[in-house]
Amino acid sequence: MTYSKNVFVPVTNICRNRCGYCGFRREPGQPGARLMRPEEILPVLEKGVKAGCTEALFTFGEYAEEVSEYRKWLKELGYSSTLEYLLFLCETAIDAGILPHTNAGIMTHSELKALKPLNASMGLMLESTATLEAHKDCPGKLPELRLNTIREAGKLRIPYTTGLLVGIGEERKDRIESLEAIASLHKEYGHIQEVIVQNFAPKPGTPMENFPAPSIEEMIDTICLARQILPSDIAVQVAPNLVDPKALIAKGVTDLGGISPLTIDWINPEAEWPDVKDLQRKLNPILLRERLPIYPRYVKKMWYSDRIGELIEQLSDTDGYRKKS
Ligand SMILES: O=c1nc2n(C[C@H](O)[C@H](O)[C@H](O)CO)c3cc(O)ccc3cc-2c(=O)[nH]1
Ligand SMILES: C[C@H]1O[C@@H](n2cnc3c(N)ncnc32)[C@H](O)[C@@H]1O
Ligand code: SF4
């Protein structure tokens, strides 16, 4: 059972989409709306390195530049685009000794290409191939566009994280179709390192605040489907702060994602991270093993650039997992 030690950096919560389930997004002017400045981000990265974290999870609202107020904020920081700022943040992270994993919504081939040399892995949740009410005001949540971004990442050989958001109004047949779509892209490009089966957790103040969370039975069923449909080299991940992993591990979960000793889960701020030692006690005799944001298979295949190669080699052991300190 693998996991990674990360710091969560919510670079901006300005977003062009309006997902019915999202409690992360803010409108400019709303309390908490922000674009984090380098002076706020650098200490998080440095503390992360000191605490032994290997992953800087850079999260963004999608194409925030479509929001005019945000463009002003970016200009004040001295950047002409989100991509330019993100490239700077990735460089900063690498220099500090922590590996970037970017999760910023859909992207073009050229954006992915620019980010590839500076990211150990990247991610985009497919969410679902179904057309859903939850995504009615979300130009970036069209399944074709999400699948296209995942495909472009495959062409560029970017170790990739994707997944399903379970319980947002989709049906079981949609989950099957979503998993089949991911399996098919992986069979073509071989780049999917993990599929997150994320349970929807209602957020106060959102359109779906009273929408029921999926039951544990639905989660178990989806894990079983994932294990049947996905090639066996893909890890199946659940978040141990959102669901009790014990029953799900028996059904095929092999990874518990990023666990942070320092930062909160900014997407699910109500859900506290378990302590890794407590989690290990609970999971005994199953052993937790720390990995990097790039899975061992891709470390071995050297699916990384020279720019981050030195850091990856310094952090990994001969099996491609996190080297013990
Ligand atoms: O702490 C979180 N980490 C999330 N992660 C990060 C994940 O925990 C790890 O960073 C990956 O396992 C890579 O090591 C995501 C990464 C993606 O690429 C796409 C979606 C997510 C979603 C979450 C999330 O809701 N909370
Ligand atoms: C980064 C990922 O976080 C997930 N996400 C967004 N909102 C929620 C929520 N209320 N509950 C669980 N997961 C959520 C989406 O799948 C998004 O792509
Ligand atoms: S889930 Fe992502 S895309 Fe959807 S509103 Fe939230 S930040 Fe935007």
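The model described here is a predicted one.

Ligand 2 has 13 residues around it, of which Tyr21, Met125, Leu165, Ala201 and Ile267 come nearest. The shell of ligand 2 divides into seven nonpolar, four polar and two charged residues.

The surroundings of ligand 3 consist of Cys15, Asn17, Arg18, Cys19, Cys22, Phe24, Arg25, Gly61, Glu62 and Gly105. Four residues of this shell are nonpolar, three are polar and three are charged.

## Packing of α1 with α3

Two packed helices are described by the angle between their axes and the distance between the axes. Helix α1 (residues 38-50) and helix α3 (residues 82-96) have axes that come within 9 Å and cross at roughly 30°. Because angles under 35 degrees count as roughly parallel, α1 is roughly parallel to α3. The crossing of these two helices is right-handed.

On the α1 side, the contact is formed by Ile41, Leu42, Leu45, Glu46 and Val49, which meet Leu89, Thr92, Ala93 and Ala96 of α3. This contact between α1 and α3 contains seven nonpolar residues, one polar residue and one charged residue.

Helix α5 (residues 143-155) packs against helix α6 (residues 172-189) at an angle of about 20°, and their axes are 9 Å apart. That angle makes α5 roughly parallel to α6. Helix α5 passes α6 in a right-handed crossing. Leu147, Ile150, Arg151, Gly154 and Lys155 of α5 meet Ala181, Leu185, Glu188 and Tyr189 of α6. The residues of this contact comprise five nonpolar, one polar and three charged.

Helix α6 also packs with α7: the axes of α6 and α7 come within 10 Å and cross at roughly 35°. Here too the crossing is right-handed. In this contact Arg175, Ile176, Leu179, Glu180 and Ala183 of α6 meet Thr222, Leu225, Ala226 and Ile229 of α7. Six residues of the contact of α6 with α7 are nonpolar, one is polar and two are charged.

## Lysine 203

The loop between β6 and α7 (216-229) contains lysine 203. Lysine 203 counts as partly exposed because it has 19 C-beta neighbours inside 10 Å, whereas a buried residue would need 20 or more.

Leaving aside residues up to four places away in sequence, lysine 203 touches Tyr21, Gly23 and Glu209. Tyr21 is also among the residues that come nearest to ligand 2. Lysine 203 and lysine 173 are 30 residues apart along the chain, and their C-alpha atoms are separated by 26 Å.

## Backbone features in loops

Most residues other than glycine have a negative phi, and most peptide bonds are trans.

The peptide bond that joins asparagine 284 and proline 285 is cis, with omega about 5°. Proline 285 belongs to the loop between α9 (276-283) and β9 (289-290). Tyrosine 63, which is not a glycine, has a positive phi near 40°. Tyrosine 63 lies in the loop between β2 and α2 (68-77), and it counts as partly exposed because 19 C-beta neighbours are found inside 10 Å.

Methionine 302 likewise has a positive phi, about 55°, although it is not a glycine. Its position is in the loop between α10 (296-300) and α11 (306-315). Methionine 302 is exposed because 10 other C-beta atoms lie within 10 Å, and a residue counts as exposed with 12 or fewer.

Key
Residues numbered from 1 in each chain as written. Chains lettered and ligands numbered in written order. Predicted model: local features only at pLDDT ≥ 70, side-chain atom pairs only at ≥ 80, totals over all residues. Near = placed C-beta within 6 Å. Nonpolar A, V, L, I, M, F, W, Y, C, P; charged D, E, K, R; others polar. Axes fitted to C-alpha atoms, helices over the stretch in contact; angles between N-to-C directions. Helix = DSSP H or I, 4+ residues; strand = E, 2+ residues; numbered from the N terminus. Parallel < 35°, antiparallel > 145°, perpendicular 65-115°, else oblique. Left-handed = near helix turned anticlockwise from the far one by under 90°. Contact = placed C-beta atoms within 7 Å.
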